[in-house]
Amino acid sequence: MSASVPAVSLRGITKVFGAVRANNDISLDIHAGRIKALLGENGAGKSTLMSILAGHYLPDSGEILIDGRPRSLRTTKDAIRAGIGMVYQHFMLVEAMTVAENVFLGQEPGFFLSPRAMREQVRTLAQGFGLDIDPAARVADLSMGEKQRVEILKLLQRKSRILIFDEPTAVLTPQEAEQLFAALRSMAAQGKAIVYISHKLGEVMALADEIAILRRGEVVDELPAAEVHSQSDLARRMVGREVLLEVRREPMELRQNVLRLQDVRTETLKDVCLSLRQGEVLAVVGVAGNGQKDLVEVVCGLKEPKKGEISVLGKTWQAFFSAPAWQGGLSYIPEDRMGLAVCRGMDLVDNFLLTTRQGYSSSVWLQRDKARTVAQELVRQFKVQPPDVTCQARQLSGGNLQKLVLAREFHRRPRLIVAEQPTQGLDVSAIEEVWTTLLAAREEAGILLVTGDLSEALALADRIAVMYGGAIVDTFPTGDRERVDRIGQMMAGMRPDADH
Amino acid sequence: MTPEILLALLAATVQAGTPILYATLGEILTEKGGILNLGVEGMMLVGALIGFLTALHTGSPVLAFVAGGLGGACMAALHGIVCIWFMGNQVVSGLALTIFGTGLAGFFGTPYIGRTAPGFDKFSLPLLGDIPVLGTIFFQQDALVYFSFLIPPLLWAFFRYTRWGMAIRAAGECPAATRAAGLNVLAYRWGALLGGGVLVGFGGSYLSLAYTHLWTNGLTSGRGWIAVALVIFAFWKPSRAMIGAYLFGGIMAFQLRLQAMGTALPSSILLMLPYILTIAALAFSSWRSERTHAPAALGVNMEPSE
C-alpha cells in the first residue's frame with residue numbers, strides 16, 4: 001500500500017447515454033487511507049461515474065487502474081473481485097434473515113454453518129470499525145442507519161478495499177450520520193479508500209480529505225478539503241455561474257389566490273407558510289429530503305397536515321379533498337412518472353382517461369371513441385413520439401412520457417399545478433419543451449414548482465422559496481440578485497440574514 | 001370410550017397424518033425457495049400410482065417408496081420448466097399440474113383398481129415400542145412413519161445450519177439481494193422445488209404402500225390441498241407442520257371410527273369434517289398472527305434483468 005500509487009485511478013472516463021454526456025473525460029485518483037468526496041448537483045454525473053466503477057456500466061472510453069494496473073470491470077462480480085464495494089441508497093438485504101446471516105450470505109466458509117460463530121465474527125468485525133450492531137437481530141427490525149451498517153459489514157467481510165458511499169446520509173437521522181462519519185474515519189484510518197458521494201456541503205467539509213466537484217459530467221474542480229474556506233466558497237464552486245438555459249418568460253397578470261399555507265406542520269414540515277396566485281410560478285428549491293415530499297403530498301391531498309391552515313382554490317383542505325370531483329382544478333405532475341403518473345401496461349387513451357373521467361362517460365359507460373379522438377389530438381399537439389395512442393405507456397421514453405402527462409393534465413385546464421422535478425432525467429430539448437409548456441399554463445393556473453435544479457427555478461419562477469430541514473428559509477422574487485446569489489448557502493442551512 | 005379405543009384412535013391418527021406430513025414438509029421446502037406449487041394433490045396421486053406399480057412389479061416396497069418420491073420430483077420438474085425457465089404464472093401452472101396429475105393417475109391406474117401390492121407392515125420398535133401409551137401411539141407403526149419422524153428436525157437444521165438452506169431462504173425472501181451476494185437464485189429454487197417434489201411424492205406413495213395397500217382412483221381425496229393449507233397454518237415451520245398434520249390425521253381417523261360405529265350423523269357431514277377444519281385452522285392462524293410468515297418473494301418470478 002504505497003502512498004504514491006493510487007488505489008484507484010480513473011483516466012479519461014467518458015460515458016454517453018443517448019444525447020446526454022453523463023461523464024466527459026473524467027480523471028480522478030483515489031488513495032488508500034483517505035476519504036474523497038464527490039460533490040455535485042443532481043445529474044452532474046456522480047452516480048454514473050461510480051456505477052462504472054462498481055461494474056454496472058462499461059465506459060465508452062477511458063480506463064480504470066487498480067493499484068496502478070489496468071482492470072476491466074465488466075460485471076459487478078469483476079468489481080467485487082477487484083476489491084470495490086458500494087453501499088447503495090437502496091439496500092440489498094434479506095429482511096427476514098438476521099444481520100449475521102446477511103453478512104455471510106454468499107461468503108459462507110463451509111457447507112455447515114454455525115450461527116454462533118457467524119454472530120461472533122460479525123460482532124468482532126463491527127467492533128473493529130466502531131459499528132454498533134446486534135448480529136442476532138432480524139434486519140426487518142432495524143433502523144435505516146443499522147441496515148446501512150449491515151451493508152458496510154458485508155463489504156468489510158468481503159475485504160473490499162475501496163468503499164463507495166452513494167449519498168449515505170439521505171436516509172439517516174443526524175445522530176446516525178454522526179456514527180457513520182466516525183465509522184468512515186475509522187475505516188480510512190485502517191487503510192480503506194473511501195469515496196463519498198454527496199451534495200451536502202457541510203458533511204463534505206467535515207469529513208473529506210479531498211473534494212472533487214462535478215458539473216455537467218465534468219470535473220470542474222479538485223482540491224484538498226483544507227483549501228476550502230467556507231461553505232459559501234464550496235457552494236459557489238458547485239453551482240458555478242454558468243449561463244442559464246434561456247426561455248422567454250413574459251410577465252403575467254397575477255389574479256386570484258389559488259393556494260395558501262399558514263403554519264402547516266407534519267412530521268417533517270415546520271410551520272410552512274406560502275401563497276400562490278394564478279399566473280405565477282413559485283419554485284421551491286432545496287436539497288432533496290428537506291421536506292419537499294411532505295409539502296407536495298399535503299398540497300395534493302395525499303397526506304393530512306397535523307396543524308395549520310391550508311386553502312386550496314378558495315376552499316379549506318378538508319372541504320376541497322373530501323369533495324368527489326376535486327380533481328377538476330388541481331393537477332399533480334409527480335416526480336415518479338412511471339410509478340405515479342401513468343400505468344405502464346395501459347395504452348395512451350386509458351392513461352389519458354386515468355385523471356380525465358369527466359366528460360368522457362355517459363351513465364356507467366366510458367366513451368372511448370371520444371376519448372381516443374381527444375387523446376390523438378393531444379398527442380399530435382404535444383409532439384409525443386410515437387404518435388400512436390394505442391401503444392402502451394411503458395414504450396415511451398422519459399421525455400415523451402412527461403409530455404403525455406403534461407398534455408393530459410393541461411387539457412383539464414387546472415387552476416393549480418403542482419410540478420415535482422418536471423425535467424429530471426430529460427435531455428436538453430425535452431427540458432426546453434416542458435419549460436415552455438409550463439410557462440404557457442400560467443394563463444390559467446398558479447404553478448408550484450418543486451425542483452432540485454437551480455437553473456430550472458431561475459428560468460421559470462417568479463418567486464423562489466428555499467427549503468431546509470422542513471422549513472422555508474426565505475422567499476424572494478427571482479429578480480433579487482443578491483439573494484439569488486446566496487441560494488446555495490441557504491440550501492445548506494445558513495440563515496439568509498447571516499453574514500457570509 | 002375406553003382407553004384401548006382411545007389409544008387405537010391416536011395410533012390411527014399418526015398413521016393418517018403421515019402422508020399429509022410428508023406433503024406439507026415438501027411444500028414448505030418448495031415455498032421457502034419462493035416457488036408456490038399448487039400441484040401437490042396431482043403430485044401425490046402420481047407418486048402414489050408410481051409407488052404402487054413399482055411395488056406390484058418388483059415386489060420391493062423400499063424401491064417403490066423411492067420411485068414414488070422420484071415421481072413427485074418429475075411432476076415438480078414440469079412446474080419448474082413452466083415457472084423457472086419460462087417464467088410462467090405459478091398459480092396457473094400449479095393448478096394445471098393438479099389436474100394433469102389427477103388425470104394421469106386415473107388413466108394409468110384404472111386397470112389396477114382393487115388390486116393389492118406388497119407394502120410396509122407395522123412392527124413395534126424395540127424398547128421404544130414398549131413405552132406405555134406413547135409407545136403404542138408412535139412406535140408400533142410402519143417404517144415409513146418412523147422415517148417421517150426424522151424429516152422435520154432434519155429440515156429445520158437444513159434451513160438453519162447449512163449453506164444451501166440459508167441460500168434457499170434468501171432466494172425465497174429477496175432474490176435481488178441473493179443475486180447481489182453472488183448466488184445463483186434459480187439453481188437454489190430448482191433444488192428446493194425438486195427436493196420438495198420428492199417429499200410430496202413420498203406422501204403419495206405412503207397412501208398406496210402403507211395406508212391402503214391397494215389402488216383406488218382418487219386415493220388422495222384432497223390431502224394435497226390440505227397440505228397446501230397446512231403450510232400456511234404451520235407458518236412455514238417444519239415443527240408446526242407436524243402438529244397440523246396430526247391434527248388433520250386425528251379428524252380423519254375420528255370420522256372413520258364414527259362411521260364404523262354407526263352414528264346418527266349422516267356420513268357426508270363426517271366426511272366434510274377435515275375440510276371444515278382446514279378452513280377454521282386457516283382463519284384462526286392468520287387471525288392470531290401479527291405478521292405474515294410467508295417468504296416475501298413467494299410466487300414471484302425473478303426477471304433475468306433484476
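Which strands of chain A does helix 1 (residues 46-53) of chain A lie across? In this predicted model, helix 1 of chain A lies across strand 3 (35-39), strand 6, strand 7, strand 8 and strand 9 (210-215) of chain A. Its direction runs at about 150° to strand 7 of chain A.

## The six-stranded sheet of chain A

The sheet is open and has six strands in the order 6-7-8-3-9-10, with mixed pairing. Strand 6 and strand 10 (218-224) of chain A stand at the edges with a single partner strand each, so one side of each has no neighbour in the sheet. From one strand to the next, the twist averages 20°.

Two of the pairings can be followed bridge by bridge. Strand 6 (residues 84-87) of chain A runs parallel to strand 7 (residues 162-166) of chain A, and four bridges join them. Within this pair, A:Met86 stands opposite A:Ile164. Strand 7 of chain A is also parallel to strand 8 (residues 193-198) of chain A, this time with five bridges. Here A:Leu163 stands opposite A:Ile194.

What covers the story of strand 6 is its two faces. In a regular strand the side chains alternate between the two faces of the sheet. In strand 6 of chain A, A:Ile84 and A:Met86 are on one side, while A:Gly85 and A:Val87 are on the other. These four residues are all buried, and both faces of the strand are covered.

Where does A:Ala54 lie? A:Ala54 lies in the loop between helix 1 and strand 4 (61-66) of chain A. A:Ala54 has 21 other C-beta atoms within 10 Å and is therefore buried. Leaving aside residues up to four places away in sequence, A:Ala54 touches A:Thr76, A:Ala79, A:Ile84, A:Met86 and A:Ile164. One of these contacts spans 30 residues along the chain: the C-alpha atoms of A:Ala54 and A:Ile84 are separated by 6.6 Å.

A:Met118, found in helix 4 (residues 115-128) of chain A, is also worth a look. With 22 other C-beta atoms within 10 Å, A:Met118 counts as buried. Not counting residues up to four places away in sequence, A:Met118 touches A:Ala100, A:Phe104 and A:Leu113.

## The four-stranded sheet of chain A

Chain A also has an open sheet of four strands in the order 12-11-14-15, with antiparallel pairing. Its edge strands are strand 12 (272-277) and strand 15 (315-316) of chain A, and each pairs on one side only. Strand 14 (residues 307-312) of chain A pairs with strand 15 of chain A over two bridges. In strand 15 of chain A, A:Lys315 is the bridge partner of A:Val312.

## Helix packing in chain B

Two packed helices are described by the angle between their axes and the distance between the axes. Helix 10 (residues 223-233) of chain B packs with helix 11 (residues 238-261) of chain B, and its axis also crosses that of helix 12 (residues 267-287) of chain B.

| Helix pair in chain B | Angle | Axis distance |
|---|---|---|
| helix 10 and helix 11 | about 135° | 9 Å |
| helix 10 and helix 12 | roughly 25° | within 9 Å |

Helix 10 and helix 11 of chain B are therefore oblique to each other, and their crossing is right-handed. B:Ile226, B:Leu230 and B:Phe233 of helix 10 make this contact with B:Ala241, B:Gly244, B:Ala245 and B:Phe248 of helix 11. By class, the contact has six nonpolar, one polar and no charged residues.

Helix 10 and helix 12 of chain B, by their angle, are therefore roughly parallel, with a left-handed crossing. From helix 10, B:Ile226, B:Ala229, B:Ile232 and B:Phe233 meet B:Pro274, B:Thr278, B:Ala281, B:Leu282 and B:Ser285 in helix 12.

## Where the chains touch

How many residues of chain A are in contact with chain B? The contact involves 15 residues of chain A and 17 residues of chain B. On the chain A side, 10 are nonpolar, one is polar and four are charged.

Technical notes. Residues are numbered from 1 along each chain as its sequence is written. Chains are lettered from A and ligands numbered from 1 in the order in which they are written. This is a predicted model: local features need pLDDT of at least 70, side-chain atom pairs count only at pLDDT 80 or more; totals for chains, interfaces and linings use all residues. Two residues are in contact if their C-beta atoms, placed from the backbone, lie within 7 Å. Ala, Val, Leu, Ile, Met, Phe, Trp, Tyr, Cys and Pro count as nonpolar, Asp, Glu, Lys and Arg as charged, and the others, Gly among them, as polar. A residue is buried if 20 or more other C-beta atoms lie within 10 Å of its own, exposed if 12 or fewer, and partly exposed in between; C-beta atoms are placed from the backbone. Two strands pair if DSSP finds at least two bridges between them. Axes are lines fitted to C-alpha atoms, for helices over the stretch in contact, and angles run from 0 to 180 degrees between N-to-C directions. Angles under 35 degrees count as roughly parallel, over 145 as roughly antiparallel, 65 to 115 as roughly perpendicular and the rest as oblique. A crossing is left-handed if the near helix is turned anticlockwise from the far one by less than a right angle, and right-handed if clockwise.
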